[in-house]
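Dear colleague,

I am passing on the structure below, which you have not seen before. Please look through it first, and then read the notes that follow.

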Amino acid sequence: MEDLIRVAGLCKQFRDFSLQNVALRVPRGSVVGFIGENGAGKSTTIKCILGLVNPDGGAVEVFGKPVSALTKADRCGIGAVLGESCLPANLDLKDVDSVMKRVFSRWDSAAFFGYADRFSLPRGKKIREFSRGMQQKTSLAVALSHGARLLVLDEPTSGLDPVARDEILDLLYDFMQDEGHSVLISSHILSDLEKLCDYIAFIHGGSIVFEEEKDALTEKYGVLRCTEGELSALDPAAVAAVRRGEYGVDALVLRGRLPAGVSPARASVEDIMLYFSRGEHL
Amino acid sequence: MIGTFVKDLKNLSGQLLYYAIIIVVFFGVGAVSGNVYFYAGLSIFCGVVAPLSAVSYDEKDNWDKFALASGVTRSELAVSRYLLGLSVLLPVWALSFLFFAIPSFRTAENLLAVFTFGGLGLIVFDCVLPLIYRIGVEKSRVVYMIVVVAVMALSVGAASLVELAGGDPARVIAGIILALGVLGVPVSAAVSCRIYRRKDF
């Protein structure tokens, strides 16, 4: 399957943080959820993909081309929503439309105002008077109004109430009706990602821990509540990480390596992330 | 680049009225007092303040990140503020020539003063824009004042030297300053593009 984004061996060194050998794929027609703690490297990776940060090493390709070789027309095929609103706060929607038609070669004013109406965004108000949710919706409306086939979204739903988040997720479902479209989305709201994503990529301390199909991930792992004795009886290769508590041990286990008769509970994406981040590795 | 330029104009539209008032007041005071320097010095202020305000808004709005992610190149982004600065500085400076509609202003000294201040405006503009890109708006405001004072002091010093050498200081200095200002624009833009190429957003 063609990859709309392919990152391999990405390295970037900052004074107090580094990305090390990051590898990531966003296949055509798929939604990839990008998860990790604050400061794990999600935004830096996304900025490298969008060409905002110059990598120290590795390859970052979008639409099969190095990011630095993307043409304006290629760029027009990428819709980006960065964590904070990046639209000029002094402008109203009419002004935004008038600016964007000079930024994007395939800008569609009718689509933009269609999304604005769908989100009930007031046309007469300036962006700075919008609530955070409205600003995020405006950013998304812009990202969807210039013929993008790839959306790169960095925390598009952070700080939004459940209703606003649900509206945005609906919009992303609609976008994914076209099989040629793909989305890379980072979020701390893992329940949203579980609903939406085909793949989950987890980054921790600047390195990718895994990138797997979401369903395969939840089938692969389970959470086992047991005693220390039961844990030590398991094959160590079956235990991905352990969290010890007052009343026993919780372990993230690989279902395929467990002995017959041991049945762990379902592990959510959030469980898997927490065990990999905070659990003890045997 | 045009998108960013249009965005800047819309962003600054609220300030345009204030600029217009300042221009009218300075022009009026200059005309009444018979002093062309009073208005001509305004171009030094206007050429830098417009891009300084535009970049200040952009820093607050994270516009650069959005623009770069949307296909605006780093060079276009850097050069668009030159376009904005020049589109304010040059008309403000050009208005200085309106003084020559008044017969009492038609002297060689006044003409050279207008050329000198145009050149000074360009030199300050050439120096400050790369600094804005390199160190940000806040620190650049202080440097801007220092650059203005330094350029004025250098001009006075250079005029004294020319006078000592027996030349026509006003004519020589006006020529040198204007030439430096004009030739400095592409150099300054090249430096700014280089800064932007290496910058992480």
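In β5(A), Pro66(A) is the bridge partner of Glu61(A). Please keep in mind throughout that this is a predicted model. The pairing of β4(A), residues 57-62, with β5(A) is antiparallel and runs over two bridges. These strands belong to an open sheet of four, in the order β2-β1-β4-β5 of chain A, with antiparallel pairing. Because β2 (18-27) and β5 (65-66) of chain A stand at the edges and have a single partner strand each, one side of each is left without a neighbour in the sheet. Helix α1 of chain A, residues 42-50, packs on this sheet and touches β1 (3-13), β2 and β4 of chain A, its direction making about 120° with that of β1(A).

The loop between β4 and β5 of chain A holds Phe63(A), whose phi is near 55°, a positive value in a residue other than glycine. Phe63(A) has 20 other C-beta atoms within 10 Å, and therefore counts as buried. A further case is Glu155(A), in the loop between β7 (150-154) and α6 (162-175) of chain A, which has a positive phi of about 50° although it is not a glycine. With 21 other C-beta atoms within 10 Å, Glu155(A) is buried.

Chain A also contains an open sheet in the order β12-β13-β11-β14, made of four strands with antiparallel pairing. Its edge strands are β12 and β14 (265-266) of chain A, each of which pairs on one side only. Helix α10 of chain A, residues 269-278, packs on the sheet and touches β11 (221-226), β12 and β13 of chain A, and its direction makes about 80° with that of β12(A). Within this sheet, strand β12 (residues 239-245) and strand β13 (residues 248-254) of chain A run antiparallel and are joined by six bridges, while a hairpin of two residues links β12(A) to β13(A).

Where the chains meet, 21 residues of chain B are in contact with 24 residues of chain A. On the side of chain B that touches chain A, the elements giving two or more residues are α1, α3 and α4 of chain B, and α1(B) gives the most, with seven residues. The residues on that side of chain B divide into nine nonpolar, six polar and six charged.

Helix α1 of chain B, residues 2-33, deserves a look of its own: although it has 32 residues, its end C-alpha atoms are only 40 Å apart, short of the 46 Å that a straight helix would reach at 1.5 Å a residue. Where does α1(B) have a kink of about 60°? The kink is centred on Ser13(B). The buried residues of α1(B) are Gly3(B), Thr4(B), Lys7(B), Asp8(B), Asn11(B) and Gly30(B), and these pack against α3 (93-103) of chain A together with α2 (36-40), α3 (42-61), α4 (63-69) and α5 (74-94) of chain B. Just after α1(B), Gly34(B) takes a positive phi of about 70°.

With best wishes

Note on methods:
Residues are numbered from 1 along each chain as its sequence is written. Chains are lettered from A and ligands numbered from 1 in the order in which they are written. This is a predicted model: local features need pLDDT of at least 70, side-chain atom pairs count only at pLDDT 80 or more; totals for chains, interfaces and linings use all residues. The expected span of a helix is 1.5 Å times one less than its number of residues. The bend at a residue is the angle between axes fitted to the seven residues ending there and the seven starting there. A residue is buried if 20 or more other C-beta atoms lie within 10 Å of its own, exposed if 12 or fewer, and partly exposed in between; C-beta atoms are placed from the backbone. Two residues are in contact if their C-beta atoms, placed from the backbone, lie within 7 Å. Two strands pair if DSSP finds at least two bridges between them. Ala, Val, Leu, Ile, Met, Phe, Trp, Tyr, Cys and Pro count as nonpolar, Asp, Glu, Lys and Arg as charged, and the others, Gly among them, as polar. Axes are lines fitted to C-alpha atoms, for helices over the stretch in contact, and angles run from 0 to 180 degrees between N-to-C directions.
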